[in-house]
Amino acid sequence: MDEQQRINLAIRGDDQALAQLLHDHYTFLMKYLIKVTMNPSLAEDLVQETMLKCIEKIAYYNGSSKFSSWMITIATRLYIDMMRKRKVEQRWQEQEQALRGVQWHMQQHQEAWTDAIDALSRLRYDMRLPILLKHYYGYAYEEIAEMMDIPQGTVKSRIYNGLQQLRKELMPNAKE
Amino acid sequence: MRKNKSNINQQSLPKSSEPHISQEDQELIDQLMLSFQQIDQVIPHSTAPHTGHLEQLIAEQKVAVRQRNRLELLCFFLVAIVLIGGNTLLAMTNWTAFGIFQGVTLVAAIGYLFGSYVRRSKKGDVRHAK
């Protein structure tokens, strides 16, 4: 059975088909959320919430985007809502703690904690998100705007300013 | 930690929908993508739960949603009964008070709709920028 057939069955209320769909996209979603949050435990919580939301909203999935993109949209909006509700100080403390964990994992795998990873992890989430979606996942500005529920111009400005900020940190001598 | 929206320089943006990427920017983007790949490979994550477990989760979630919908419907009917009953009683006892109440409700509803329209048009520019 291909994915489209599973989606059709899931929309009609087939629990088995939906379970299989969620199972197939679990790793993709988890990896996306780890890169978005840079916090594995927060990513895990968000995966759970995203799956519950998908179960609730599957009847509204209209096939205008890929199923994985639909899941990413739900996950992104949940993450943005969560970050908006949390106080800046609380967010900072949690992020610092999570980053130490990520750094430890990198060292365990003999991977260098590069300046680029450090700069990315310290970049504001609302700038990291569109950079990731645009340049890593290859989504268009229009799609990112839809995913983040913001105007296209804001997406462009956040990507532009995010890259400027990263450039300043990584290449302090570079021209603006 | 928190930066103002004014820090975001929208005027300096390239105008075309797919802006030209300079060599320097491309190098920076390549470096960042490599970092994302490293994160992907190194950070451990839990494996996907068995489909049986997911089916159970789906069944539980559907029951919870159904219960929530029933509760919402019940609340809706209760509020409707109170409002319609109260208005009917008011109309039967005092026409002036009923008219004033209707007028105030209408003005409040228009104000609320206008407020939500303004909030929606500003959406994204302010709330997500924090």
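Chain B contains three helices and zero strands, arranged along the sequence as α-α-α. The model is predicted. In it, 52 residues of chain A are in contact with 39 residues of chain B.

**Chain B**

- Chain B has 130 residues, of which 6% count as buried.
- Its helix α1 spans residues 23-42.

**The side of chain A that touches chain B**

- The contact between the chains involves 52 residues of chain A and 39 residues of chain B.
- On chain A, α2, α3 (40-57), α4 (67-85), α5 (88-108), α6 (115-122), α7 (125-136), α8 (141-148) and α9 each supply at least two residues of the side that touches chain B.
- The largest share of that side, 13 residues, is provided by α2(A).
- By class, the residues of chain A on that side comprise 29 nonpolar, 12 polar and 11 charged.

**Helix pair α9(A) and α1(B)**

- Two packed helices are described by the angle between their axes and the distance between the axes.
- For helix α9 (residues 152-170) of chain A and helix α1 (residues 23-42) of chain B, the axes come within 11 Å and cross at roughly 85 degrees.
- Angles of 65 to 115 degrees count as roughly perpendicular, and α9(A) and α1(B) are therefore roughly perpendicular to each other.
- On the α9(A) side, the contact is made by A:Leu163, A:Leu166, A:Arg167 and A:Leu170; on the α1(B) side, by B:Asp25, B:Leu28 and B:Leu32.
- This contact of α9(A) with α1(B) has five nonpolar, no polar and two charged residues.
- An α-helix has 3.6 residues a turn, so residues three or four places apart point the same way.

**Helix α2 of chain A**

- Helix α2 (residues 15-37) of chain A has a kink of about 45 degrees, centred on A:Tyr26.
- A:Met38 follows α2(A) and has a positive phi, near 55 degrees.
- The kinked helix α2(A) is also the one that gives the largest share of the side of chain A that touches chain B.

**A:Glu142 in helix α8 of chain A**

- A:Glu142 lies in helix α8 of chain A.
- A residue with 12 or fewer C-beta neighbours within 10 Å is classed as exposed; A:Glu142 has 11 inside 10 Å and therefore counts as exposed.
- A:Glu142 and A:Gly153 are separated by 11 residues in sequence, and their C-alpha atoms are 9.4 Å apart in space.

Terms used. Residues numbered from 1 in each chain as written. Chains lettered and ligands numbered in written order. Predicted model: local features only at pLDDT ≥ 70, side-chain atom pairs only at ≥ 80, totals over all residues. Axes fitted to C-alpha atoms, helices over the stretch in contact; angles between N-to-C directions. Helix = DSSP H or I, 4+ residues; strand = E, 2+ residues; numbered from the N terminus. Parallel < 35°, antiparallel > 145°, perpendicular 65-115°, else oblique. Contact = placed C-beta atoms within 7 Å. Nonpolar A, V, L, I, M, F, W, Y, C, P; charged D, E, K, R; others polar. Bend = angle between axes of the 7 residues up to and from the residue. Buried ≥ 20, exposed ≤ 12 C-beta atoms within 10 Å, placed from the backbone.
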